[in-house]
Amino acid sequence: MWRFHVALLWMLLAGCGDDGAHPARRLGAEVARTSYGIVHVRAEDFGGLGFGLAYAYAQDNICMLADFLLTVRGERSRYFGGDAPPTVGTNGEYSVAIDYLNEHMFDLRNEDSDFFFKAYLDLDALRAGYARASPDARALLRGYAAGYNQYLREHRASLPKACHDAAWVKPITVDDLYLLIAEKAIHASGQVFPRQILAAAQDVDAARTFAAVWPRDWSNLGLGSNGLALGGDVTRNGRGMLLANPHYPWFSTDRFYQVHLTVPGAYDVMGVSLGGLPAVVIGFNRDVAWTHTVTKALHFTTFRLQRDKADRSGRSYLIDGVPQRMTERVVEVQLRQPDGSQRVRRKTFFYTRLGMPIVVPGVPVGPDDIIVLGDPNRDNTRLLDQWLAIGRATSVEALRTTLGSIMGLPWVNTVAADRQGGALYIDASVVPHVTTAQFLSDCMLFGPLLLFDGSRSACHWGSDPGSPAGIFGVAQAPQLLRRDYVANANDSYWLTNSAHLLTGPEPLGYSPLYGPTAVPQHLRTRLGFVQIDSLLAARHDVDLDDLHDLIFSNRVHAAELVLPDLLAACPGTTDVTRGNACGVLRAWDRKVDLDSRGALLFREFWLKAVALPAIWAVPFDPRDPVHTPRGVAAAAVPSLLTALKETAQRLSALGIAPDARLGDYQVDQRAAYRTEVHGGTGDVDGVYNALHMTGPLTAQGYGSVRWGTSYVQLVAFDDRGPIARGLLPYGQSTDPVSPWYADQLPLYAGKELPRLPFTEEEIQMDGNFRRDTVSEK
């Protein structure tokens, strides 16, 4: 009996946390590195896993992470001044500028950024949400904060040049991680409207008003991806295969990081995390491989509310005729002054049941009406649990089930394949529950802003059984499970398999918020389907080499569609410049490889030509979205030839030969590293391997890479588990002196995809294997 009481006393003194981990146990993990700095973390529990991951991530990216935490805390002005812009890297340094939705959509100075994040991210709501998270997720976050802080304690004196001796590099808390994850969640909703939210605030100090502007296009032009899952009916060994190719920024905090995370018996997943998130977001385990593509769905709506005229303060509004009072909060921002002192500025922000007020000019509402932004991702605290659950899935069916039980993915599709030969596409992202019937009713007030009548509860978001309030459940989401293939390249769910167009349930189909159907597809999307359909028409024994060839084919689909007719019109021209240009394009391989000659001429020509009216000979046919529109209309030929001549003249003025080699002008230059890079613009020119540069063509080239192919993961399965190849072109570290700063760029240039070591045997056989133990001290 005394032994029982001693054991009970020990438990009471030490405590047993609700995460299943013993709080008295010192956090720690084994952290291994293999070639190219790939991190393998192994721990006894999720607290130790978070500790080891944060320790490794800080070693590679501490300056970037510390700088970005200032953004989500609303502290940029405190350290850098209110008028300064967020840190933008030069010569290959990291960047924390937020420009992923569209180029420079979030180009706010520090003061405005601070006010936005402090007002929009509700820390109390986030804490409440994470109190309902799984014990594993909570332990992972606590461990991550502890691991980062341990690294900082041990290496404060030797931080990289970019943040050496910086006062803003400081210990973090779990609250900081709540904010970091919340920022990722609102990429396609709240962060689309920062200026409109700021314009609706009241400046307490009457120092500055913020001008309202119409929101720019919210189609995620700065983020994209290719995802292709093959089923067992078309693969060599009858098991599933996956191609993952996200197109994300190369220098911002939406950079990927190659990791392998293991808690024996509980979790064993390899792939990439995103911008400091403590989870694998694209990856594979023993049975399933998955990727995400930015969905065409919309993840917000707006509402019109009518003010209660009986309230002279203007702070009340009506829902079903019943007055509702806005809540308000004064937000303070500290601004560093030129002399180093701090000044405090205040704004009052307002909140309604349906969202935060915004100011948008040109919307047909009355003078007493309020427009509010409805954002179901604002308090979405399910992301971490969602990715942990995906990583534990044993089949694509199980993956679909866990998506439906959590519904945590904020703005991405999921494309997955499993060892049993299944292939799945699903848009289980967080989409407001607005039905097609509501769109067709008088609830819809103004389509361009997705503006609904918030004064009537019948026009509010609905809900589905077993799903979070206000969003569609998985049963209402577009999805397709097949044994041949599914694919997505950022167009809507409609074209997921060319032989099975998705139109949704009868009679009204999926909600319009999931994206359009029966519309022309981007050329990158079309090329993806052209390639896989052609391959499967030839044979049904696809292997990893075939997927490698698909991703790096570097075919320019625009050229394939246009040049046969255009070049047929060239003979007989008496214009020397135009004739020479035609000759260059005739000799060109119609690719964007390093040695392609004519790629520069066509790209610059096509950027002009694509804006010309009525260029296609065969119009778009919704019954054949892969192969239409195509060909050159006879009436458009003269305009196209004129554009070609003007392009050749422009190149000549820049001192660039029309048959210049692409690799001489498309270069990533960072620190002391100069690397020629292949790839095209993607949606515009129809190149699967998309790569966007920092500027237009000059005599020196396009500048360095801004975003594009940011991770490549090819996965197959055999009886023992996954067979994977992968590449992180920009490398693991943002520190120019790190050995993992630019070591993978030559691999990308050479189209090489190294084997990813997954089993313990493969890890230890890696020629650069080393393992350390890290722990709290």
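Asp-543 is buried, with a relative accessible area of 18%; buried stands for under 20% relative accessible area, exposed for over 50%, and partly exposed for what lies in between, with a 1.4 Å probe and protein chains only. Its side chain meets that of Arg-236 in a salt bridge of 2.9 Å, N to O, a term for a side-chain nitrogen of Lys or Arg within 4 Å of a carboxyl oxygen of Asp or Glu. Arg-236, at 52% relative accessibility, counts as exposed.

This is a predicted model, in which local features need pLDDT of at least 70 and side-chain atom pairs count only at pLDDT 80 or more, while totals for chains, interfaces and linings use all residues. Residues are numbered from 1 along each chain as its sequence is written, and side-chain values use heavy atoms, with hydrogens and water left out.

**Salt bridges**

- Side chains of opposite charge can pair when their charged atoms come close.
- The structure holds 51 salt bridges.
- The pair of Asp-543 and Arg-236 links distant parts of the chain, 307 residues apart: Asp-543 sits in the loop between H12 and helix H13 (544-551), and Arg-236 in the loop between strand S4 (224-230) and strand S5 (241-249). Helices (H or I, at least four residues) and strands (E, at least two) are DSSP runs, numbered from the N terminus.
- Another salt bridge joins the side chains of Asp-593 and Lys-751 (2.7 Å, N to O). Asp-593 lies in the loop between helix H15 (576-587) and helix H16 (599-609) and Lys-751 in the loop between helix H18 (745-749) and helix H19 (760-765), so this pair ties together parts that are 158 residues apart in sequence.
- Of these two partners, Asp-593 counts as buried at 18% relative accessibility, and Lys-751 is partly exposed, with a relative accessible area of 21%.
- Arg-661 and Glu-676 also meet through their side chains in a salt bridge (2.8 Å, N to O). Arg-661 is in the loop between helix H17 (637-653) and strand S25 (667-670), and Glu-676 is in strand S26, 15 residues apart.
- Arg-661 is buried, at a relative accessible area of 16%.
- A network of salt bridges links Arg-73, Glu-75, Arg-78, Lys-170 and Asp-176.

- Helix H5 spans residues 123-131, and its buried residues are Leu-126, Gly-129 and Tyr-130. They share one side of H5 because they cover an arc of only 95° around the axis, taken from the directions from the helix axis to the C-beta atoms.
- Asp-124 and Ala-131 are exposed on the other side of H5.
- The cover over the buried residues of H5 includes helix H6 (135-155) and helix H7 (174-185).
- Asp-122 is found in the loop between helix H4 (110-120) and H5, and is partly exposed with a relative accessible area of 26%.
- At the start of H5, a side-chain oxygen of Asp-122 comes within 3.2 Å of the backbone nitrogen of Asp-124.
- Beyond its neighbours within four places in sequence, Asp-122 is in contact with Arg-378 and Asp-379, where contact means heavy atoms within 4.5 Å. The C-alpha atoms of Asp-122 and Asp-379 are separated by 7.4 Å, although the two residues are 257 residues apart along the chain.

**Helix H10**

- In helix H10 (residues 396-406), you will find Val-396, Leu-399, Thr-402, Leu-403, Gly-404 and Ile-406 buried.
- These buried residues pack against strand S9 (288-294), helix H9 (383-392), strand S17 (412-418), strand S18 (423-426) and strand S21 (479-482).
- Met-407 follows H10 and has a positive phi, near 55°.

**Arg-524 in helix H12**

- Arg-524 lies in helix H12 (residues 523-538) and is buried, with a relative accessible area of 3%.
- A polar atom of the Arg-524 side chain lies 2.9 Å from the backbone oxygen of Ser-225.
- Leaving aside neighbours within four places in sequence, the contacts of Arg-524 include Ser-225, Asn-226, His-247, Gly-682 and Asp-683.

**The loop with Val-684**

- Val-684 lies in the loop between strand S26 (673-676) and strand S27 (691-693), and is partly exposed at a relative accessible area of 34%.

Conventions:
Polar contact = N/O pair within 3.5 Å; in protein donor to acceptor, adjacent residues only side chain to side chain.
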